[in-house]
Amino acid sequence: EGTDVIKVEDGSVQMAAKDFGQGRAVYISGLPFNFPNARVLLRSILWACHGEELLHQWYSSNVYVDCHAYVENKKFCVVNNTFEEQETEVYTDKGESFTLKLAANEIRWFTMD
């Protein structure tokens, strides 16, 4: 009762979510690894721990581009995980964003303010 079934394929539940008390649970099964599904996993983890507001911190709007923050070193990088040029909106920890174009497999480093 109270479980939201999000995705069913071939009669099997692949994704479901449930609120209970102050907690949340996410069930994921049978999703193959790919970049869009990795983003689904990230969003599911943040939703389960009530951390939705963290989604746009060190985040790329493009599922094929990752952001990696090394806060103690005051550095972050943006990584194009494909063999094609990609464009993305990059979000920092301060809610600011900027547009970035990356060549195939490019890693671009930045210094934090």
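**View 1. Val78 sits in strand β6, residues 75-80.** The model is predicted; local features need pLDDT of at least 70, side-chain atom pairs count only at pLDDT 80 or more, and totals for chains, interfaces and linings use all residues. Residues are numbered from 1 along each chain as its sequence is written, and side-chain values use heavy atoms, with hydrogens and water left out. Strands are DSSP runs of E with at least two residues, helices are runs of H or I with at least four, and both are numbered from the N terminus. Val78 has 0% relative accessibility and counts as buried. Buried means under 20% relative accessible area, exposed means over 50%, and partly exposed lies in between (1.4 Å probe, protein chains only). Leaving out residues up to four places away in sequence, Val78 touches Val65, Asp66, Cys67, Val90, Leu100, Leu102, Glu106, Ile107, Arg108 and Phe110. Contact means heavy atoms within 4.5 Å. Asp66 is twelve residues from Val78 along the chain, yet their C-alpha atoms are separated by 5.7 Å.

View 2. The structure holds zero disulfides. A disulfide here is a pair of cysteine sulfur atoms within 2.5 Å. For Cys49, the closest cysteine sulfur is in Cys67, 18 Å away and too far for a bond. Cys77 is in no disulfide either; its nearest cysteine sulfur, that of Cys67, is 8.1 Å away.

**View 3. Thr92 lies in the loop between β7 and β8.** Strand β7 covers residues 86-91, and β8 covers 97-102.

**View 4. Ala25 belongs to strand β3, residues 23-28.** Ala25 counts as partly exposed, at 31% relative accessibility. Not counting residues up to four places away in sequence, Ala25 touches Ala16, Ala17, Lys18, Phe20 and Trp47. Asn73 is 48 residues from Ala25 along the chain, and their C-alpha atoms are separated by 34 Å.

**View 5. The whole chain has one helix and nine strands.** From the N terminus on, the order is β-β-β-α-β-β-β-β-β-β. The radius of gyration is 17 Å, well over the 13 Å that the globule rule gives for 113 residues, so the chain is more spread out than a compact globule. That radius is taken over C-alpha atoms, and the rule is 2.2 Å times the number of residues to the power 0.38. The C-alpha trace spans about 50 × 35 × 20 Å along its principal axes. Among contacts between residues at least 6 apart in sequence, 35% join residues at least 24 apart.

**View 6. Carbon and sulfur atoms hold 52% of the chain's accessible surface.** That surface comes to about 7,600 Å², by the Shrake-Rupley method with a 1.4 Å probe. Buried residues make up 27% of the 113 residues. The chain carries 10 positive and 17 negative side chains, and the centres of the two sets lie 4 Å apart. Lys and Arg count as positive, Asp and Glu as negative; His and the chain ends are not counted. Each charge is placed at NZ of Lys, CZ of Arg, CG of Asp or CD of Glu.
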